[in-house]
Amino acid sequence: MRAWQVFEHGEPSEVLQLCEDVDLPKPAGEQVEVRVEACALNFADSLLCRGNYQEKPPLPFTPGLELAGMVVAAGPDAHHGLGTRVLGSPMLPHGGFAEHALARSHDVFPIFGTVSSTEAAAFHVTYQTAWFALCRRAHLQPGETLVVHAGAGGVGSAAIQLGTAVGAHVIATAGGEAKVGQCRRHGAEIGIDYDVEDFVAVVNDHTHGRGADVIFDPVGGDTFDRSTKCIAWEGRIVVIGAAGGNYAEARTNHALVKNYSVLGLNWGGYRSRHPELVAEAHDDLMGMWEHGSIHPLVSDVASLDELPGTLAKLAGRNSTGKLVLTP
Ligand SMILES: NC(=O)c1ccc[n+]([C@@H]2O[C@H](COP(=O)([O-])OP(=O)(O)OC[C@H]3O[C@@H](n4cnc5c(N)ncnc54)[C@H](OP(=O)(O)O)[C@@H]3O)[C@@H](O)[C@H]2O)c1
């Protein structure tokens, strides 16, 4: 089968190779083989290629962290029958940027009705991340103020939609006017171009000096540091990632004085430690999707061959919502 492979770590454009004859092991135990219909891109795919991601699959590996497709082979203990359409996380090193991928049964979920593969592929990682961050870690409540950084991106747009569905007042930041417009269309009451405006002043002004109850931060660095200037008493800052390049060093004395919490979120960790919680989150999110309160935002669909260029778009701040590849 055709699959993108990484034989040595480095810049994605240099180390990704499209191979024509890659063998996939037969699914064992509860594993399933999925014929990939769509695979969505994540910021973490670039980190995986560079060897900078928390998970380091053995070389060579195929990246691609969320897919939709059909089960075409199953291990003896698999939970999904042949012909079932599923969405979810493939099992590295056999990721989704390929014609076929492997997955553990508990990492993929049946697709309801006639949902398209491209939307199904874009529904998993970002919405799960937003759900665990906002609902489980930060216990976001209706009526609270939520700030979402990089709100036009993958996890950011999911967090805006979910925060709005929960009944929070959402303020979103993004780089550039067009992205700020996207944040408003996703449901943010206020959008801030944080490249040119001081989001600290806007958030404090809007909350009459109280600050935001919850801040969702996939950017890190200076964005985290400045978030501590507009977090409310007993507020919660959830550390999602460091798309800006580096993680901030949290000033714990400042957290003490202002009585706020800094919460980490590693969604992948729940998949291995608490798959039952991932399933619970999935059911909750599916309910919201069916109800129409959240909806996957696919901004571009490209072919499998176009992976390096599409990944460069995402890593270079030139994408909104989700980018999806189809074989
Ligand atoms: N903790 C978890 O379990 C978990 C799960 C999923 C993702 N993540 C993390 O969440 C972050 C976002 O992931 P994603 O896949 O949803 O990507 P994304 O948001 O679609 O893209 C990243 C966004 O970050 C912003 N950004 C700010 N400074 C940047 C810089 N120097 N270079 C590149 N982007 C910059 C850009 O938005 P603006 O132009 O609007 O600033 C960019 O669009 C990543 O750090 C990822 O690792 C964590």
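## Inside helix 2

Which residues of helix 2 are buried? In this predicted model, they are Phe-43, Asp-45, Ser-46, Leu-48 and Cys-49. You can find helix 2 at residues 43-50.

What do these buried residues pack against? Their partners are strand 1 (3-6), helix 1 (12-15), strand 2 (16-19) and helix 12.

## Around the ligand

Now look for the ligand, which is surrounded by 31 residues. Gly-153, Gly-154, Gly-175, Gly-241 and Ala-243 are the closest of them. Sorted by class, the shell holds 16 nonpolar, 13 polar and two charged residues.

Where does the ligand sit relative to the domains? Both domain 1 (3-123 + 296-326) and domain 2 (125-268) give residues to the shell, so the ligand lies between them.

## Where two helices cross

Helix 4 has another partner to explore. Two packed helices are described by the angle between their axes and the distance between the axes. For helix 4 and helix 11 (residues 275-291), the axes come within 10 Å and cross at roughly 105°. Because of that angle, helix 4 counts as roughly perpendicular to helix 11.

On the helix 4 side, the contact is made by Tyr-127, Gln-128, Trp-131 and Phe-132. Helix 11 brings Val-278, Ala-281, Asp-284 and Leu-285. By class, the residues of this contact are six nonpolar, one polar and one charged.

Technical notes: Residues numbered from 1 in each chain as written. Predicted model: local features only at pLDDT ≥ 70, side-chain atom pairs only at ≥ 80, totals over all residues. Near = placed C-beta within 6 Å. Helix = DSSP H or I, 4+ residues; strand = E, 2+ residues; numbered from the N terminus. Nonpolar A, V, L, I, M, F, W, Y, C, P; charged D, E, K, R; others polar. Domains from an automatic or database assignment. Buried ≥ 20, exposed ≤ 12 C-beta atoms within 10 Å, placed from the backbone. Contact = placed C-beta atoms within 7 Å. Axes fitted to C-alpha atoms, helices over the stretch in contact; angles between N-to-C directions. Parallel < 35°, antiparallel > 145°, perpendicular 65-115°, else oblique.
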